[in-house]
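The sequence and the model are shown first, and the description follows.

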Amino acid sequence: MEEVVGYSYRLRPGRDAESALFQEWHRCRFLWNEAVHQYKSGRKPTFSTLSKLLTSARARCQWLREGSQVAQQQMLRTFALALDHSFTAKNRRGRPKRKARKTAHPSLEYTKRGSSIRDRRLILAKGLSIPVVWSRELPSEPTSVRVTHDSLGHWYATFIVRRTVEPLPSTGAGIGIDWGVTCTATTTDPAFDLPHLGHRSRCAAELARAQRKMARRRRGKMGPQSRGFQRAAHQVAKLNKRAARQTRHESRVWAKKVVSKHDLIAVEDFRPGFLAKSTMARKAADAAIGAAKNELIDRGMRAGRKVVVVQPAYTTMTCSSCFARAKQQLGLGERTFQCRECGYMSGRDRNAARVVLAVAERGHTRVDDVSQSDHLLRADGAVAV
Ligand SMILES: [Zn+2]
């Protein structure tokens with residue numbers, strides 16, 4: 001089996017190379033904004049029309065010719081894809097927007113035609129040569145590379161490569177997962193729980209402090225911001241990045257463990273923003289859940305596991321043993337679930353995880369779809385309804 005993945009590395013461009021990258025970015029950004037202008041004035045530009053426009057624009061404009069044609073074409077291709085996607089998507093929020101000079105982060109894509117690796121350096125079109133920090137080896141020759149610049153001023157290259165994967169052995173086991181604030185993931189098997197670690201909340205507290213500092217130093221809309229503000233903003237970006245990295249690392253390790261041991265993975269659906277309207281610590285918990293869920297679904301699908309996303313309605317109110325539903329929702333403070341019908345008692349989140357798994361095992365995605373008789377019949381091993 002083969003899969004397509006991205007391998008990222010830090011880049012260390014010199015001063016000349018960096019300014020050349022920025023120049024390249026401004027040309028691409030200009031083209032992107034032109035394309036946005038096109039669709040705003042009533043046309044829906046496709047990649048082929050944009051490509052033709054690019055050819056004629058390059059013939060006329062010296063400034064555009066100084067840049068790489070590959071990068072410019074890829075920018076327009078990305079635009080056309082984003083526009084197409086926004087038309088097929090249900091909401092219109094995803095329409096491509098103008099990229100402002102001050103706020104948009106540079107992102108350039110080169111295909112094999114515009115990039116290569118020579119003497120362990122990344123060589124880009126127009127003679128750009130950039131040292132790469134090879135933190136690990138590439139598994140195969142890359143088909144394309146995306147060069148990005150983040151809010152901390154660091155440059156990265158993400159190489160798109162194919163790699164072979166060994167199919168995971170079948171285990172016959174299933175797992176149910178419920179998301180929460182105190183414990184990011186509670187599963188049907190306590191050995192696979194993902195606790196919300198202390199250093200994450202410490203990180204959140206640090207971040208909240210840095211954000212207050214930034215707010216104190218803000219000058220409003222009058223004039224440029226002070227040095228002090230910029231330093232504080234940099235600190236915030238740094239902490240944000242560190243937190244995101246930690247979260248990503250932990251969810252990767254966890255997801256790998258879960259996927260390797262289970263054939264059926266049933267996850268409660270989770271919509272971020274539900275908890276995010278409160279403190280920094282809550283937001284961190286929210287982010288941790290989002291990252292863990294995405295990582296798990298992604299890895300599960302790639303490994304060919306059965307991944308079922310179960311709607312969260314009633315998962316905490318339903319008994320995982322007899323499927324009777326409690327009359328009232330459990331308060332957030334109540335940590336144990338006790339069934340009035342059969343007397344089953346367990347931790348609130350553990351019960352929810354078991355419900356999620358039970359729903360998926362019966363081939364459904366909503367608690368409502370599982371009737372009590374259906375549940376009992378299958379639990380007894382009798383013929384399914
Ligand atoms: Zn019960």
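A charge is said to sit over a ring if NZ of Lys or CZ of Arg is within 6 Å of the ring centre and within 35 degrees of the ring normal. In this structure, the charged end of lysine 99 sits over the ring of tryptophan 32, at 4.3 Å from its centre. The ring of tyrosine 314 has the charged end of arginine 325 over it, 3.7 Å from its centre.

The model is predicted: local features need pLDDT of at least 70 and side-chain atom pairs count only at pLDDT 80 or more, while totals for chains, interfaces and linings use all residues. Residues are numbered from 1 along each chain as its sequence is written, and side-chain values use heavy atoms, with hydrogens and water left out.

**Overall architecture**

The chain has nine helices and 13 strands; helices (H or I, at least four residues) and strands (E, at least two) are DSSP runs, numbered from the N terminus. Along the principal axes, the C-alpha atoms of the chain fill a box of roughly 80 × 50 × 45 Å. The domain assignment gives domain 1 (14-132) and domain 2 (174-310), with bounds that come from an automatic or database assignment. The C-alpha centres of domain 1 and domain 2 lie 31 Å apart.

Of the 385 residues in the chain, 43% are buried. Buried means under 20% relative accessible area, exposed over 50%, and partly exposed in between (1.4 Å probe, protein chains only). A contact means heavy atoms within 4.5 Å. Among contacts between residues at least 6 apart in sequence, 67% join residues at least 24 apart.

**Nonpolar cores and aromatic pairs**

In soluble globular proteins, nonpolar side chains tend to be buried together. A nonpolar core is here a set of buried Ala, Val, Leu, Ile, Met, Phe, Trp, Tyr and Cys residues joined through side-chain atoms within 4.5 Å. The largest such core has 39 residues, and Leu122, Leu124 and Phe159 have the most contacts inside it. Helix H1 supplies the largest share of this core, nine residues. A second, separate core of 18 residues includes Leu194, Ala255, Leu296 and Ile297. Leaving aside residues up to four places away in sequence, leucine 124 touches Leu21, Tyr110, Gly114, Ser115, Ile130, Val145 and Val147.

Rings of Phe, Tyr and Trp (its six-membered ring) pair if their centres lie within 6.5 Å; planes under 30 degrees apart count as stacked, over 60 as edge-to-face and the rest as tilted. The structure holds eight aromatic pairs. The ring centres of tryptophan 32 and phenylalanine 79 are 5.2 Å apart and the planes are at 90°, so this pair is edge-to-face. The pair links distant parts of the chain, with tryptophan 32 in helix H1 (residues 15-40) and phenylalanine 79 in helix H4 (residues 69-88), 47 residues apart. Ring pairs also link Tyr9, Trp134 and Phe159 into a cluster.

**Accessibility of selected residues**

| Residue | Relative accessibility | Class |
|---|---|---|
| Tryptophan 32 | 6% | buried |
| Phenylalanine 79 | 0% | buried |
| Glutamate 268 | 9% | buried |
| Threonine 186 | 6% | buried |
| Tyrosine 314 | 33% | partly exposed |
| Aspartate 119 | 70% | exposed |

Glutamate 268 belongs to strand E10 (residues 264-268). Not counting residues up to four places away in sequence, glutamate 268 touches Ile177, Asp178, Trp179, Lys293, Val310, Pro312, Thr315 and Val356. Glutamate 268 and glycine 176 are 92 residues apart in sequence, with a C-alpha to C-alpha distance of 7.9 Å. Threonine 186 lies in strand E9 (residues 185-187). Beyond four places in sequence, threonine 186 has contacts that include Gly176, Ile177, Asp178 and Asp349.

**Loop residues with positive phi**

Most residues other than glycine have a negative phi. Aspartate 119 has a positive phi of about 50°, and is placed in the loop between strand E3 (115-118) and strand E4 (121-124). The phi of tyrosine 314 is also positive, near 70°; tyrosine 314 is in the loop between strand E11 (306-310) and strand E12 (336-338).

**Database annotation**

For residues 302-355, an unreviewed UniProt entry lists "domain: Cas12f1-like TNB". UniProt positions are given in the numbering used here, feature names are shortened, and annotations may be inferred rather than shown by experiment. Over residues 302-355 the chain is 17% helix and 20% strand, and the end C-alpha atoms are 25 Å apart.
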